[in-house]
Amino acid sequence: MMGSTPGAPRPAPVPGRTTRKAAVIGTDWDLVLGAPAPPPPQVDPEVPHPIRMWDYMIGGKDNYESDRAAVRHLLTIAPDVMLIARAAEAYAQRASAWIARDHGLTQFLQMGTAIPIMNSFDAIVRDHVPDAPFVCVTDDPISAAHARAVLAARAPVEQLHVMRAQFRDPGPILEHEWLHDRLNFAEPIGVLLLGMLDYTRDDERLRQALELIIGALAPGSLVVILQYLDFPDPRVGDIVQAVLGDNKAEFTPRSMERIERLVEGYEFLPPGLVRITSWHPDGTGPGVDLEQRCHIVGGVIIKR
């Protein structure tokens, strides 16, 4: 496992913030930022959860009937929701493999709401970099619980690490010794911001988070982003938000203009920030012919 290089620079402290205490939960690969540690999440199979709904939409098995029923309801009002989910999943897999292949990256960080169970991105990057340490950061207790129960059984303990923390305010995360013990910020890192941009409601908060993350990275680092576009029919967006209830996950589609303002000043590798069906298509998932029905954009930022 790659550890911190002695004397390697760390991100400067964020003004007005202090690094909170951390509680190690159960095993040495799982840490919760903030003390005392919260109790294990209570999973109610009668209440749908966005992450399990996503799992169902991409063909997974880690979901309940309540999740499947919620998706079926969504399909009656937004028939493309399954298509969009599968396009996003295919893009996330392509992008994960792409940054791990032929770019010299040897360590990876994923930050966002979801830790996928069916197609874990740590497994995808290890197809190209077998010994790569991989850190997942999520604020969702159910995602973290799934990761501990499922992903840990599939990956070497010394390579997969999970931190439950508020990724929308990454300053304390990036400063934390636990993270620097697992990733060397003096060397390039592959970063997956999947379920982050479109799961952060406030634009100013998101822009600051991007600045902190990208600012902490060494030159040569690559950052994968994904963002839902506004639904063409605003009524569909209203119904989706209603299905999500109080929307604690902060699911936030945006116009292309808002997205471009958020990523202004960052350099994207070709083909740039585009509809995900047009990002290095390889025959997996919905293709370019379905671009107008897949309302998501994505791309890879390079830190120079």
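## Close-up views of the predicted model

Figure 1. Burial covers 7 of the 7 residues of strand β10 (residues 296-302), so the strand is mostly covered, with buried meaning under 20% relative accessible area. Ile296, Gly298, Val300 and Ile302 point one way from β10, while Val297, Gly299 and Ile301 point the other way. Residues of both sets are buried. In a regular strand, side chains alternate between the two faces of the sheet.

**Figure 2. Strands that pair with β10.** Strand β7 (residues 222-228) pairs with β10 in the antiparallel sense over 7 bridges. Within this pairing, leucine 222 stands opposite isoleucine 302 of β10. Strand β8 (residues 267-268) also runs antiparallel to β10 and is joined to β10 by 2 bridges. Here glutamate 267 is the residue opposite isoleucine 302. Strand β9 (residues 274-275) forms 2 bridges with β10, again in the antiparallel sense. Valine 274 has glycine 298 of β10 as its bridge partner.

Figure 3. Leaving aside residues up to four places away in sequence, isoleucine 99 touches Leu105, Phe108, Gly190, Val191, Leu192, Leu222, Val224 and Val300.

**Figure 4. Helix α2 and its buried face.** Helix α2 (residues 65-77) has 13 residues, which at 1.5 Å a residue should span 18 Å; the end C-alpha atoms are 19 Å apart, in agreement with that value. Ser66, Asp67, Ala70, Val71 and Leu74 are buried in α2. Seen down the helix axis, the buried residues fall within an arc of 135°, and therefore line one face of α2. An α-helix has 3.6 residues a turn, so residues three or four places apart point the same way. The cover over the buried residues of α2 includes α1 (50-57), α3 and α9 (234-243).

**Figure 5. Phenylalanine 251 in a loop.** Phenylalanine 251 lies in the loop between α9 and α10 (256-262). Its relative accessible area is 7%, and the residue is therefore buried, the cut-off being under 20%. Apart from residues up to four places away in sequence, phenylalanine 251 touches Asp198, Tyr199, Tyr228, Phe231, Val240, Gln241 and Leu244. Phenylalanine 251 and tyrosine 228 are 23 residues apart in sequence, and their C-alpha atoms are 9.0 Å apart in space.

Figure 6. The structure holds 0 disulfides.

**Figure 7. The protein chain as a whole.** The chain contains 10 helices and 10 strands. Of its 304 residues, 52% count as buried. Among contacts between residues at least 6 apart in sequence, 76% join residues at least 24 apart.

Methods. Residues are numbered from 1 along each chain as its sequence is written. This is a predicted model: local features need pLDDT of at least 70, side-chain atom pairs count only at pLDDT 80 or more; totals for chains, interfaces and linings use all residues. Side-chain values use heavy atoms; hydrogens and water are left out. Contact means heavy atoms within 4.5 Å. Buried means under 20% relative accessible area, exposed over 50%, partly exposed in between (1.4 Å probe, protein chains only). Helices (H or I, at least four residues) and strands (E, at least two) are DSSP runs, numbered from the N terminus. Two strands pair if DSSP finds at least two bridges between them. The expected span of a helix is 1.5 Å times one less than its number of residues. The arc is that of the directions from the helix axis to the C-beta atoms. A disulfide is a pair of cysteine sulfur atoms within 2.5 Å.
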